[in-house]
Amino acid sequence: MIIPHPLLGPRDSQEFTYLGDADLIDRPDWQAENAADRFYEYLYLRDNPAGEHRELWFHEQGDRSWLVVTRDTVTHEISKVELARDVARARGRSK
Amino acid sequence: MSQSHRIDGGLIDRSRALHFRFNGKTYQGHPGDTLASALLANGVRLMGRSFKYHRPRGPISAGSEEPNALVELRSGARQEPNTRATTAELFDGLDARSQNHVGPLSFDLLAVNDRLSPFFAAGFYYKTFMWPKAFWEKLYEPMIRRAAGLGSLTKEADPDLYDKGFLHCDLLIIGGGPAGLAAALTAGRAGANVILADEDFVLGGRLNAETFTLGDASGSDWASATVAELAAMPNVRVMARTTVLGAFDHGIFGALERVSDHLLQPAAGKPRQILWRIYAGRSLLCAGATERPIAFENNDRPGIMLASALRSYANRWAALPGKEVAIFTNNDDGHRTATDLLAKGIKVAAVIDSRKTDAPRTNRYEVLAGALVSGASGRLGLSGVEVRLPGGETRTIACQALGVSGGWNPNVHLTCHQRGRPVWDEALAAFVPGGVLPAGMSVAGAAAGTLSTAGALSSGAAGAVKALADLGIRAKPADLPEAEDAPVRIAPLFHVPGKGRAWLDQQNDVTVKDVKLAHQEGYVSVEHLKRYTTLGMATDQGKTANIGGLAVMAEMTGKSIPETGTTIFRPPYTPVAIGALAGRSAGKDFRPTRLTPSHKWAAEQGAVFVEVGMWLRAQWFPRPGETHWRQSVDREVLATRKSVGICDVTTLGKIDVQGTDAAEFLNRIYANPFAKLAVGKVRYGLMLREDGMAMDDGTTARLAEDHFVMTTTTANAVGVYRHMEFCRQCLWPDMDVQIISTTEAWAQYSVAGPNARRLLQKIIDPAFDISNEAFPYMGCGEITVCGGLRARLFRISFSGELAFEIAVPTRYGDALIRRMVEAGKEFDAVVYGTEALGVMRIEKGHAAGNELNGTSTALNLGMGGMVSKKKDSIGSTLSEREGLNREDALGLVGFRPVNPAETFAAGSHLIGKGDVANAANDQGYLTSVCFSPNLGYTIGLGYLKNGAARKGEVLRAVNPVQNAETLVEVVSAHFVDPEGERLRA
Amino acid sequence: MHDLAALTPLSATEPRIERIGAIRIVEVTDRSLASLTCRSGKSRPFEAAAKALFGGALPAPGAWFEGAPFSLIWTGPEQWFVEASFATHEDIARILKEPFGDAASVTEQTDGWVRFDLEGTPVVDMLERLCPVPSRRMKNDAATRTMIEHVGCLVLRRAADRFSVIAPRSFAGSLHHALCAAATSIA
């Protein structure tokens, strides 16, 4: 596959390491009342869509950026690639 | 033997003779020949035996679709089985042998299978070898394995090199026939970056095998002139002998270039083949079409071949399988063969055209319209065919060659590699590309169903213009010569009804009867039909067979072919050697090797090395007289604990962590607190995964308020770094923290033992006080050594001794170890390897990789108290789960044999004294075991249920793998210096 | 002045120069290297310090530039490698840290890497046997990380016939072997 890196353009997916669902960005608040349940869901419960999927890829043999890649799991078509840091900020993560 | 069947003309170089051997006999051919064409020219039609029935077979094609003429090439370690004689380029000294026979090719003892054929029909194995069950492993399978398969392997290592490579282009053109050449001219002249790949060693495709003219030139002359023009363009890469094997995601293609297959052996250091990965903006499939046979009884006799192949052999290679030739066709193309052969003065006995009214009439040769070939004679080589005339009477026609033309199948294979399904074209009676093609791919020429030469040329040019337009490159179609533009006239016919065996898939020996049997037994889906009969499952993927099988199935079910369906193709287009897939990653180059800064010195000392990940580390340093590794390791351990030892610890991961939030960042990725670590101090850190399991551990030193250096275990360096980048970028994107690996920038040595300080005082510049008061346990600092070289010093200990780790820029690592060894002479210092390192850490009870095994929590490791509950850190919440905190959770403890003379092994399970050794009674297991030279007996670390509370208990260490069992006592994990006095000395 | 002798990444006292066909593979050891990363919220002082020290804009993603005494290579978001002469800038991290102060994190990288310069007309043919980057299309200011025989490397183009490959130092021997093998293949 070829992943269009937002900074570096098209790159062979060989250069990347795959992690999984981009929801891993949404790490729960440890002090929330139901923190144990939320962490359990965060870590173990995943959707497994046949179709569009947002997922985390690490440009390990590249610029060390984590990317959020929107990919169709059936056709492998990649419709969007973002820097994970930007996605994290947009989802309200900070420090 | 002379070239008895060589005729005039052809694209061979008659000025040079090439000598080659087939089954031990020497023959001559010419440059430009394939092995098959040269054998035919020498009157050899019989080239192999079939897979199942050992039927005598000769080539049916003149290309890569060949199912029959599979031979072994070369000998010794270079012997290569199952090579198609029809594509093997002839070279001087080629040594080839037929395969799959016992005894001579002409009298194969296993041909008895053919007589037993009623027993070997489809599904034979499934039905026959079911019973008795016990016979399968001992009798049936070994027997089948001996009899099955075609060629044989030498079992010697392949001496040749295989390269991999990467190419980028705007337009990849697959196939260099008329469509591909017209496309390449169009795209090349427009300035686009073009790759034109063709599996043949001469580009031109059918242009080299036909007698048509293109404008004023012969087809082959036009092709070679066009190739010459393309080769002169810097933006075009013409790749002959290159098969595009697969179409993968996003415009990536795999292609195999056979660089040296046409040589006796590759030149020194040169690859035999190159597996290219081609990144193409657009691709144009110009793969042409493959003629298909018509099945009839005994249609596999050597000498029966595709009519187009017969034409290719005559026109391109000036070779003929027989002096008298007949043609069997259902379409006009068969008549081309007759015309071409006649023009060469060959006797055409008859053209049997299945079409009653549409068959062309001519007075140049006899046409038997509405007739069918119903049989063939000549077991080892065709001697005649039996023809059923329209009136029902039969006639025998003597011939040594029969050309069969059942119509042309577009080569749609690559359009299927992303699950595209071809669609049926009624006019062509063939499948053409349809549905969704791989991204960026379009199809031109015969592959798209445009079977005339003029059509191929213009569709190739138009295809290139359109593909380039997608990329924003303007091109205009190349000027093209006048060419043949005959329509396709065909009356579908796939097999001739009859009682005997008519072969559909000649490579897997599948007959019309087998397909009928499958239908009778209830197989409806073509996918099931394929697997039950093995039709199309041989190395040729049924290029000449699939549609025949499908047609028979359709006939049985009363459906049309498109209703019956079709199977699709997968990569590779043609078989690929495993060596090509491995590339350079073979033998000791399977993966790269990382060397430590002391490697050169250690090698000079005769060190024994061990692979740790990609690193080579010194395992121990044998001294003269030491004959067993234990002698060396025991000596290294004892000398270190007695005086001082040096060890290269560069391989541990080092990550530089900086920024105003660096301390808080470490606080979150380590389970234990880090925020308040003082500058100039080091702390042990335990890193958890989010699920609460230990991920890694190591020490982290604070060099400044906003600057830390973290160490990781050697094995986890990459994973920990990746995890830290995830935390930094995805979880806490606004933290001011920057990380970068410095593992290799510093050569780092551990200096351990009571005399460690005294040794280092000789190395470290006197301005730096490393006394216990000035530089206490867990201190760190930047220093200089040997008269001013910048260095780092950490007072940390893995061995449990007074110990330091000293780091200098890597280029000085070799000099530093030499200097330290010299300085250590007065203390009888030793250098120790990973084995002694392991012994000392087990003696000290330090956890390492064996304990951090992915299933152990902080609690299991005896570090439950370290997990801070006052802060958020990765893994802290889930490590509190009930199931991970049971009272009987595994705890890390030490073990020693009740009888000190006995020993035990890591991996042994702990079972109560009176209990049966089974999973239900399992109480834990041993993780690390060694002989302790300090204690004089074997010691171990292991996980035991509620271990901390069970000291003094005696259990059995059970090792069912080696059938061993030892009584062991539960003890503290700290075998040496449990109070830690030594490391604080 | 200390008295420890240095070894090259290929474990010799002198840098290795290999000539294979029209290709020269040169082990380069006279350069020092440090990473320079902009700290959060400090881009303004960072850029000011960079401009004062390097005299121009920092290279964009995928690019590098050769300057004197400092050359700069983009290596990741807000991160550059700074290269200078080893003879004059052995302590490059300290030299850089001073002008940047709190605006940057600086880490010494000199001995973390091995640099091989690849020279000769067919250098692109050679790189095509080694790595997936489109070396033929790379401009003379292009720099990118990629993989060569499983080793993560930085590939820089210096001229039509000249590239540098910079890889983690411990892989020097294996990488050198891969480079020589590729040069032999295309020679």
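A word on ground rules first. Residues are numbered from 1 along each chain as its sequence is written, while chains are lettered from A and ligands numbered from 1 in the order in which they are written. Because this is a predicted model, local features need pLDDT of at least 70 and side-chain atom pairs count only at pLDDT 80 or more, whereas totals for chains, interfaces and linings use all residues; side-chain values use heavy atoms, with hydrogens and water left out.

Let's start with chain B. It has 985 residues, and 61% of them count as buried; buried means under 20% relative accessible area, exposed means over 50%, and partly exposed is in between, with a 1.4 Å probe and protein chains only. You will find 21 helices and 50 strands in chain B, where helices (H or I, at least four residues) and strands (E, at least two) are DSSP runs numbered from the N terminus. Along the principal axes, the C-alpha atoms of chain B fill a box of roughly 115 × 70 × 55 Å. If we take contacts in chain B between residues at least 6 apart in sequence, 66% join residues at least 24 apart; contact here means heavy atoms within 4.5 Å.

The accessible surface of chain B is about 37100 Å², and carbon and sulfur atoms hold 54% of that; the areas come from the Shrake-Rupley method with a 1.4 Å probe, and for residues only the protein chains shown count as cover. As for charge, chain B carries 106 positive and 103 negative side chains, with the centres of the two sets 3 Å apart. Lys and Arg count as positive, Asp and Glu as negative, and His and the chain ends are not counted; each charge is placed at NZ of Lys, CZ of Arg, CG of Asp or CD of Glu.

Now chain C. It has 5 helices and 11 strands, and its C-alpha atoms fill a box of roughly 50 × 45 × 25 Å along the principal axes. With 187 residues, a compact globule would have a radius of gyration near 16 Å, and the 17 Å of chain C agrees with that. That radius is taken over C-alpha atoms, and the globule rule is 2.2 Å times the number of residues to the power 0.38. Of the residues of chain C, 61% count as buried.

Side chains of opposite charge can pair when their charged atoms come close.

B:Lys762 and B:Glu826 meet in one, at 2.5 Å from N to O. That pair links distant parts of the chain, 64 residues apart: B:Lys762 is in the loop between α19 and β41, and B:Glu826 in the loop between α20 and β44. B:Lys762 is partly exposed at 43% relative accessibility, and B:Glu826 is exposed at 53%. In another pair, B:Glu626 bridges to B:Arg635, with the closest N and O atoms 2.4 Å apart; B:Arg635 is buried at 18%. Over in chain C, a network of salt bridges links C:Arg24, C:Arg31, C:Glu83, C:Arg115, C:Asp117, C:Glu119 and C:Arg162.

B:Thr242 is in strand β13 of chain B and is buried at 1% relative accessibility. Not counting residues up to four places away in sequence, its contacts include B:Ala197, B:Asp198 and B:Arg258. B:Ser873, in the loop between α21 and β45, is also buried at 1%. With neighbours within four places left aside, B:Ser873 touches A:Arg27 as well as B:Asn667, B:Arg668, B:Tyr670 and B:Ala671.

Last, the backbone. Most residues other than glycine have a negative phi, and most peptide bonds are trans. Which residues does a cis peptide bond join in chain B? They are B:Pro571 and B:Pro572, with omega about 0°. In chain C, a cis bond joins C:Ala68 and C:Pro69, and C:Pro69 lies in the loop between β4 and β5.

B:Arg74, not a glycine, has a positive phi of about 60°; it is buried at 7% relative accessibility. B:Asn82 has a positive phi of about 55° and lies in strand β6.

Technical notes
Salt bridge = Lys/Arg side-chain N within 4 Å of Asp/Glu carboxyl O.
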